[in-house]
Amino acid sequence: MTAEIDQARSLVAQAKRPVFFTGAGMSADSGVPTFRDALTGLWAKYDPLQLATGEAFARDPELVWNFYEYRRGIVRKCAPNAGHHAMAAFEQQEGRLVTVITQNVDGYHQLAGNRLALCLHGNIMEDRCHCGCPGVFPATEPCEGEPVPPICRTCGYRTMRPNVVWFGEMLDEAVLSKARDAVHDCDVMVVVGTSGVVYPAAGLADLALQLGKRFIEINPEPSPWSDAADVYLRGRSSEILPQILPG
Ligand code: BV8
Ligand code: ZN
C-alpha cells in the first residue's frame, strides 16, 4: 500500500482547504464500539438503531437513558487515538483551513484539539430536555438510586435525554448547511471510518464526488465510495492517518 500512502500524502500536503468526514470507525481504535459492531453484555440483545430513536425513549425512557449511560461510560473510559491527534496537529499547522465533519457523538475530535468540528449528530456527553426546553448541559453524572431519566429543571418532567440526533430526527440545519458549504469549498475530502449508511450525513461524501473533489478514503472494509475514490487506503485510521498527515 506504499504507493497509495505516498499518493494520499501528496494530495493532502497540497490541499489548502481539506475536509475530513469521519464516522464511528475513527474511534474504533480508541475502544469505542462502532454502530456495526454487535453490542455486548447486557446490551447484546438490543439493536442500537432501535434504541437511538424518540419512539424508544417515549416507550421506555429508563431503558434508553441507561443505554446512553452505558455508552457514556465507554466514552469516559476511552480516549482519542493517534488518528485524532494526527488530525488535530495537521489542523494547527499554518497555511490551510481544515474542517472536520463528524458523525460521531464522542467529542474525541474536540478533545484531541480540533478547533472546529462540525458534529452532525450531536454530543453524547451533553443533555437536553426532550420537550424542547432551552439549554444544553454537561451530561448528568449517574447517582446511585436516583430515578432516570433526570428531571428537567425548566418543565419539571423526567425528560432529560442525551444531546444527540436520533433516527427520525432532523439534524441541526445550521450545522448541516455549514458542512455542505465546507464540502463545496474544499479541494480534498478525506473520508475516515464510515459505512456510508446513514443519511443525510453520507450525502456529504456523495456531494464531494459529484463536485469532482479529490477523494481519499480510509477504511478496513470497502464502502459505497471506495471504487470512486482517488485513493482508497484499506486499513485502520489510527495507523494510516499519522502516515498521510504531515506531522
Ligand atoms: C433524518 C446519534 C429527516 C445517535 C446517529 C425513516 C424515518 C426517518 C428517517 C429515515 C427513515 N429511514 C431512513 C431514514 C434516514 C435515517 C437513516 O439514514 N437511516 C439509516 C439507518 C438507513 N436518517 C435519519 O433518521 C436522520 N434524520 O433523516 O431526518 C427525517 C426526519 C423524520 C422523518 C423523515 C426524515 C438522523 C440520522 C442520525 C442518527 N443518529 N447518531 C447515537 O449515536 O446514538 S447515527 C449513528 O449511526 C452514528 O452517529 C453514525 O453516524 C451512524 C453509524 O454510521 P458509521 O459512523 O458509518 O458507523 P458504522 O458502525 O456504520 O460503520 C463503521 C465503519 O468504520 C465501517 O465502515 C467499518 O469498516 C469502519 N471501521 C471499523 N474499524 C475501523 C474502521 N475504519 C477505520 N479504522 C478502523 N479501525
Ligand atoms: Zn423540559
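Which residues of E7 are buried on one side, and which on the other? I would like to start there, and then walk outwards through the rest of the structure.

Before I answer, a word on conventions: this is a predicted model, in which local features need pLDDT of at least 70 and side-chain atom pairs count only at pLDDT 80 or more, while totals for chains, interfaces and linings use all residues. Residues are numbered from 1 along each chain as its sequence is written, chains are lettered from A and ligands numbered from 1 in the order in which they are written, and side-chain values use heavy atoms, with hydrogens and water left out.

So, to the answer: Val188, Val190 and Val192 lie on one side of E7, Met189 and Val191 lie on the other, and all of these are buried, which leaves both faces covered. By buried I mean under 20% relative accessible area, with exposed being over 50% and partly exposed in between, using a 1.4 Å probe and protein chains only. Strand E7 spans residues 188-192, and because five of its five residues are buried, it is largely enclosed by the rest of the structure.

Two strands are said to pair if DSSP finds at least two bridges between them. Together with helix H9, residues 203-210, the strands E7 and E8 make a right-handed β-α-β unit, where right-handed means that, with the strands pointing away from the viewer, the path from the first strand over the helix to the second runs clockwise.

On the way from E7 to H9 there is a loop that contains Pro200, and the peptide bond from Tyr199 to Pro200 is cis, with omega near 0 degrees. For context, most peptide bonds are trans. A cis bond is also found from Val148 to Pro149, with omega near -5 degrees, and Pro149 sits in the loop between E5 and E6.

Cys133 belongs to the loop between strand E4 (122-129) and strand E5 (137-138), whereas Cys152 belongs to the loop between E5 and strand E6 (160-164), so the pair ties together parts that are 19 residues apart in sequence. Cys133 is buried, at 15% relative accessible area, and Cys152 is buried too, at 3%.

E4 and E6 pair over five bridges, and Gly122 has Val164 as its bridge partner in E6.

Turning to ligand 1, 34 residues surround it, and the closest are Arg36, Tyr68, Arg71, Ser195 and Asn219; a residue counts here if one of its heavy atoms lies within 4 Å. Oxygen atoms of ligand 1 also lie 2.8 Å from a polar backbone atom of Ala24 and 2.7 Å from one of Gly168.

I will finish with Ser226, in the loop between E8 and strand E9 (231-233), which is buried at 7% relative accessible area. Its side chain makes a polar contact of 2.6 Å with the side chain of Glu217, a polar contact being a pair of N or O atoms within 3.5 Å, where within protein one must be able to donate a hydrogen and the other to accept it, and residues adjacent in sequence count only if both atoms are side-chain atoms.

Conventions
Helices (H or I, at least four residues) and strands (E, at least two) are DSSP runs, numbered from the N terminus.
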